[in-house]
Amino acid sequence: MGLPILPQLIFEEQMIRRFFTHLAIILVLATVYFFAGKFGLSLAFVHKSSSAVWPPTGIALAAVFLLGYRVWPGIFVGAFLVNLFTEGTILTSLGIATGNTLEAVAAVFLIQYFIKSRHLFERARHVFQYVVLACWVSPVISATFGVTTLSLAGFAKWPYYGLIWSTWWLGDMVSALIIAPFLIIWIQKPLLFLKLRRWLEGIFLLLLVFAVSQFVFGEKLFFETNSYPLEYLCIPVLLYAIFRFGLHGAVSSAFLISLIAIYGTLRGYGPFAVTDPNLSLLLLQAFMGTITLTALVLSAVLSEQKRIEHILRKREGIEKFRAVTETANDAIVCADHHGNITYFNKAAKEIFGYASDEITGQPLTMIMPERFREAHRRGLARFLRTQQSHIIGNTVELVGKKRNGVEFPLELSLASWKSKGEIFFVAIIRDITTRRQSEKALQESEERSRLLVSHVKDYAIFMLDPKGNVSSWNQGAERIKGYKAIEIVGRHFSAFYPEEDQKRGKPAKELEIAVRQGVVRDQGIRIRKDGTPFFADVVITALRDENKNLRGFGEVTRDITEIKKAEEMMKHKNLLMLLLQVIALAANQAQTVEEAMQICIDEICSHMGWAVGHAYKNMPGQFEEVVSTGLWYSGMPARFQAFCRATKNTNFNLSKDFLGTVLVTKKPIWIKDIASEPQFQRKGLARELGLRTAFIFPILIGNDVAGVLEFFSEKNLEPDEGLLAITPQIGVQIGYVLERQRAREALKNAYSELEVRVADRTKELKKANETLKQLDRMKSDFILTASHELRTPLTSIKGYISLILGEKAGEINDSQREFLNHVKNATDRLSRLLSELLNIAKIESGEIPMKREKTEIADLLRQEVDIFKGEAAQKNISLDLRLENKTEVIECDQDKIREVFANLINNALKYTPRNGKVRISVRREELNMVIEVKDTGIGIKLEDQAKIFQPFHHVRQTGLEGEDSTGLGLALTKKIVEAHQGKIEVESHEGEGSIFTVILPIRSASKN
């Protein structure tokens, strides 16, 4: 049977619409692919059909991934046309188009087979899989198809197969790594609805990326930086984009950096711009692929972390909610703003009889009797409209309906809250059937209970009328309070309260609370008939009839005096244990026994309420003498200072004083009234100050008494057996501190002895080392002395020959000039040979002997400048010496410092072209002399400046006079300067000249 006419027409119309939609997608994709391919091939340098920048790969991969395999014709048509209009034939274009199409299809197939997720870049594992499958493996198909087709057709030479293939593969790989993630992420999650602050931050990020990229890959306005690795400046900006905008920030920043980098590199700017443009693009693409992969992985890691934290928080919240609700005895039911049930806990299932799956989503009216359902609907509508309800926020009693139709009384507490603009409700429901039955049974048994109560003896149970007068009295009340029924019935119950409570109106207040709250409980002092107090636990309950009118009060009183005493004893024991723990902990942390004693005194006085505390120490081996430590309770009132002075000035007769008793028995003593004890030597002053009770206990180290602690109270206190029981432990804890202190002192003495022994051995080693240094110094002195003895006169000869040749001493004839030139050449050769040999010897010795004497630096420099004036005149170089008005005298080795200046001036003249300038200046800076040798010579390259002070390193410049050098002069110069506790620095700009700065201390320093 065929379809009816109307549905068939609708179906055919839908099919036609889908066909044209699909056709439009293919045409758009082919057009985009074509123009992107033309752009990529415009950057083809190694071959017309192979480019290191190939955006179509990323576009094709994203299209197939997002739209499905059915869009492959658009890729094929676009690839075919772009290659047909570039180079080759129809067959070669078909072959290349086939490879490009298979590349995209294969990439998506591998992604779907292995990754199996539409969100490729939200997990680090998926990112790595994507890179391997879509960026490394799939481009092999396109590169192999394309290059092989071109080579077989003769459009590419086989020897260049590998170069063309690698360029092709790299272009496809980077496109799949940058273009495809950019399109997939922004199409899947467009991020259109952001707050204004986030939009502004995003614009700032793009501007920052543009600025940094332009700086790295654009034309430099002020200086050339192509030789510096500035490309790494892109990484911090990329990290900022990742941490603030995640995947969107990562792919967008990488895409923008790539565009600017390609444009700048092709124009010859940036760190990857080299002579070969194809190599430039290959290097750039490798860098962009690397940082993009890093950005994707880091973004995925952050995304995973955030997702895990969200899941954990959500799961934790759900688990906590379920842990509470599923273990609750009351039914907990949640509903949405439509009144439909969204949650039904375990207790609700048991109460109403419904399973969770059959009740969830159903209206709340299913658990109500039908007669109440309409009122519920009206109340819900009114609450949603006005946000007002007399039920929400209160506890009410209603009627519920079970699954089997049985109605039962329930107690309902209802609350509401808002989430994302919607209102939700939660109801806590309690089945009060049993309670109602119990209330009824209670009423029925009230009379029976009254009979039973009258015979209870351990509790005083009696009734009060609404005014608080006693209306009934049981045997327990008679036993506890001492009144007979005939004596108390009709009297106000305030007779049981102490007089001060009656004055404060406490009885009336308790009745008011009972009326308001239903019941009041109090623990406090009550009075018996004979006036003796006792500690009572009292419960007063307001009694009401069925109409909730007050009928009176019921009071239950229990005598808990013995229980309270036991509690006080336990509390006191706990206080004593806490005191012992605090003192033990403090003693373990104390560094000295005095510190431990002070802590012990303060803690005992503050915890136990004693007014005065004091510590003595026992003199070792002298039983007849105890000495005050001067340690007293830090919180002691000022009026007891007289007692402190008297204690300090008292010479105790230990044979007649309690202190002696403690020293002998090594046990604590409790003195209830010290003012009446003749054995207490300070009893008169204690009586005046109001001190009554004292206890004294020893501090023990093993079986020896190391000290005594005494405490005084202003009250007459009975012996505290608990306190007396823990005092030995307190004394032992302080004794431990003293033992540790003595052990530390012994260890310190042993350490001092060990230091003396180590010092002796160190002196012996130092003496042996000095002997070795002296032998080595003798060798170095011999070599350096020979150097100075030969080189200094030779330098003078050279200088004077130069002066004679420059006719500074008068005119010379041609024969004399010829002979003098021979002499000069011979002395030059001899000087270079001697300098090379002796300088090598000096450097290898590693130590330069110093012969220090007071030297005027200015005189030394004048002599050196005079020597080199002839050489400077030959090259028409201005040799200028500038001195301050006053120069300092320093202690130095004149010959060696002269050699430093000669070497620096010689180098300045050597590397300064004709008509240049050399200037030597001397100045004082704080405690140093600063000598600068500045020239206008060829300068030193930046990479050579860090090496010129190394042995055998020299800068060669073609065409300069005297450019030959052994490379040892500056190395030796540096060693001489450092041997004088100075330093040498260089500042140079290529083509502008150099400045060598020597800094020498004015005061004499110890020899190296």
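What percentage of the 1008 residues in the protein chain do buried residues make up? In this predicted model, buried residues make up 42% of the chain, where buried means under 20% relative accessible area, exposed means over 50%, and partly exposed lies in between (1.4 Å probe, protein chains only). Local features were required to have pLDDT of at least 70 and side-chain atom pairs pLDDT 80 or more, while totals for chains, interfaces and linings use all residues. Residues are numbered from 1 along each chain as its sequence is written, and side-chain values use heavy atoms, with hydrogens and water left out.

The protein chain contains 28 helices and 21 strands; these are DSSP runs numbered from the N terminus, helices being H or I of at least four residues and strands E of at least two. The accessible surface of the chain comes to about 55500 Å², and 58% of this area belongs to carbon and sulfur atoms; accessible areas come from the Shrake-Rupley method with a 1.4 Å probe, and for residues only the protein chains shown count as cover. Of the contacts between residues at least 6 apart in sequence, 62% join residues at least 24 apart, contact meaning heavy atoms within 4.5 Å.

Two packed helices are described by the angle between their axes and the distance between the axes. Axes are lines fitted to C-alpha atoms, for helices over the stretch in contact, and angles run from 0 to 180 degrees between N-to-C directions. Helix α2 (residues 56-67) packs on helix α4 (residues 90-115) at an angle of about 50°, their axes lying 9 Å apart. The pair α2 and α4 is therefore oblique, since angles under 35 degrees count as roughly parallel, over 145 as roughly antiparallel, 65 to 115 as roughly perpendicular and the rest as oblique. The crossing of α2 past α4 is right-handed; a crossing is right-handed if the near helix is turned clockwise from the far one by less than a right angle, and left-handed if anticlockwise. On the α2 side the contact is made by Thr57, Ala60, Leu61, Val64 and Phe65, and on the α4 side by Glu103, Ala104, Ala107, Val108 and Ile111. By class, this contact of α2 with α4 has eight nonpolar residues, one polar and one charged, with Ala, Val, Leu, Ile, Met, Phe, Trp, Tyr, Cys and Pro counted as nonpolar, Asp, Glu, Lys and Arg as charged, and the others, Gly among them, as polar.

Helix α5 (residues 124-152) and helix α6 (residues 161-188) pack at about 140°, with an axis separation of 8 Å, and α5 and α6 are therefore oblique to each other. Their crossing is right-handed, and the residues of the contact divide into 20 nonpolar, five polar and one charged. Helix α7 (residues 196-217) and helix α8 (residues 234-266) meet at an angle of about 40°, with their axes 8 Å apart. Here too α7 passes α8 in a right-handed crossing, and the contact comprises 18 nonpolar, six polar and four charged residues.

Helix α21 (residues 658-665) has Phe658, Leu659, Gly660, Val662 and Leu663 as its buried residues. These buried residues of α21 pack against the strands β10 (612-618), β11 (626-632), β12 (669-671), β13 (693-701) and β14 (704-713). The helix is followed by lysine 666, which is found in the loop between α21 and β12.

Most residues other than glycine have a negative phi. Lysine 666, although not a glycine, has a positive phi of about 60°, and at 29% relative accessibility this lysine counts as partly exposed. Glutamate 926 likewise has a positive phi, near 55°. Glutamate 926 is placed in the loop between β18 (917-925) and β19 (928-935) and is exposed, with a relative accessible area of 71%.

Two threonines complete the description. Threonine 973, in helix α28 (residues 969-979), is buried at 2% relative accessibility. Beyond its neighbours within four places in sequence, threonine 973 is in contact with Val900, Asn903, Leu904 and Ile984. Threonine 342, in strand β2 (residues 341-344), is partly exposed, with a relative accessible area of 40%. Not counting residues up to four places away in sequence, threonine 342 touches Cys334, Ala335, Asp336 and Thr360. The C-alpha atoms of threonine 342 and valine 426 are separated by 9.6 Å, these residues being 84 apart along the chain.
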